[in-house]
Amino acid sequence: MYSYEECGQIFDEIADSYPYELYRELSGGLRLDISTKIHPKAVSNDLYILGEYHRSSIGKYIVFYYGSIVRIYGHLPIDEFREQLRKILSHELRHHNEYLAGSDDLILYDDCCINDYLTRKGK
């Protein structure tokens, strides 16, 4: 399993490798929260939230949930773990950039994934 500090360092390295333009208007930046976060629609506490894009009166920011991430990917070799973190960051940055562009494509995709999960669970 990877420590909170190791996870944060890897996120920083990945984030630094992305073009600055992807972060425009992301005034609250990126945050790594120690928490494990269960999705509110989880049937058996088996659906974790890995990251979230937030918009509020204090600005736009992205939160990553360390507890959820290591619960799902903490057993992976470092290269695979790093790739999963890259996918999580890319996903949340896409939410941000689609919001700026007035698009809901990724939100609709996420909703379909939740519906597929619920169907598999018989709900």
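Q: Which residues of E5 point one way, and which the other way?
A: Gly-59, Tyr-61, Val-63 and Tyr-65 point one way, while Lys-60, Ile-62 and Phe-64 point the other way. In a regular strand, side chains alternate between the two faces of the sheet. A quick word on the source: this is a predicted model, where local features need pLDDT of at least 70, side-chain atom pairs count only at pLDDT 80 or more, and totals for chains, interfaces and linings use all residues. Residues are numbered from 1 along each chain as its sequence is written, and side-chain values use heavy atoms, leaving out hydrogens and water.

Q: What makes E5 a strand that is "mostly covered"?
A: Seven of its seven residues are buried, and buried means under 20% relative accessible area (exposed is over 50%, partly exposed is in between, with a 1.4 Å probe and protein chains only). As for "strand", that is a DSSP run (E, at least two residues; helices are H or I, at least four), numbered from the N terminus.

Q: Why is Asp-105 called partly exposed?
A: Its relative accessible area is 49%, so it falls between the 20% and 50% cut-offs. Asp-105 lies in helix H4.

Q: How do you know that E4 and E5 pair?
A: Two strands pair if DSSP finds at least two bridges between them. E4 and E5 have six, in the antiparallel sense, so they count as paired. A hairpin joins them through two residues, and His-54 stands opposite Tyr-61 in E5. Strand E1 (residues 29-33) is joined to E5 by five bridges, and these two run parallel.

Q: What does Phe-64 touch?
A: Leaving out residues up to four places away in sequence, its contacts include Phe-11, Leu-30, Ile-69, Ile-88 and Leu-89. Contact means heavy atoms within 4.5 Å.

Q: What makes a set of residues a nonpolar core?
A: The members are buried Ala, Val, Leu, Ile, Met, Phe, Trp, Tyr and Cys residues, joined through side-chain atoms within 4.5 Å. The largest nonpolar core has 25 residues, and Phe-64 and Phe-81 are among those touching the most other members. Helix H1 (4-17), strand E5 (59-65), H2 and H3 each supply at least two residues of this core.

Q: Which element gives the most to the lining of the largest pocket?
A: H4 does, with ten residues. That pocket has a volume of about 1,000 Å³. Among the 35 lining residues, Gly-51, His-91, Glu-92, Asp-110 and Ile-114 are the closest to its centre. On a 1 Å grid over the protein atoms alone, a pocket is an open set of points where a 1.4 Å probe fits, with protein on both sides within 12 Å along at least five of seven lines, and lining residues have an atom within 4 Å of a point.

How values were computed:
Grid points are joined across faces, edges and corners, and a volume is the space filled by probe spheres set on the points.
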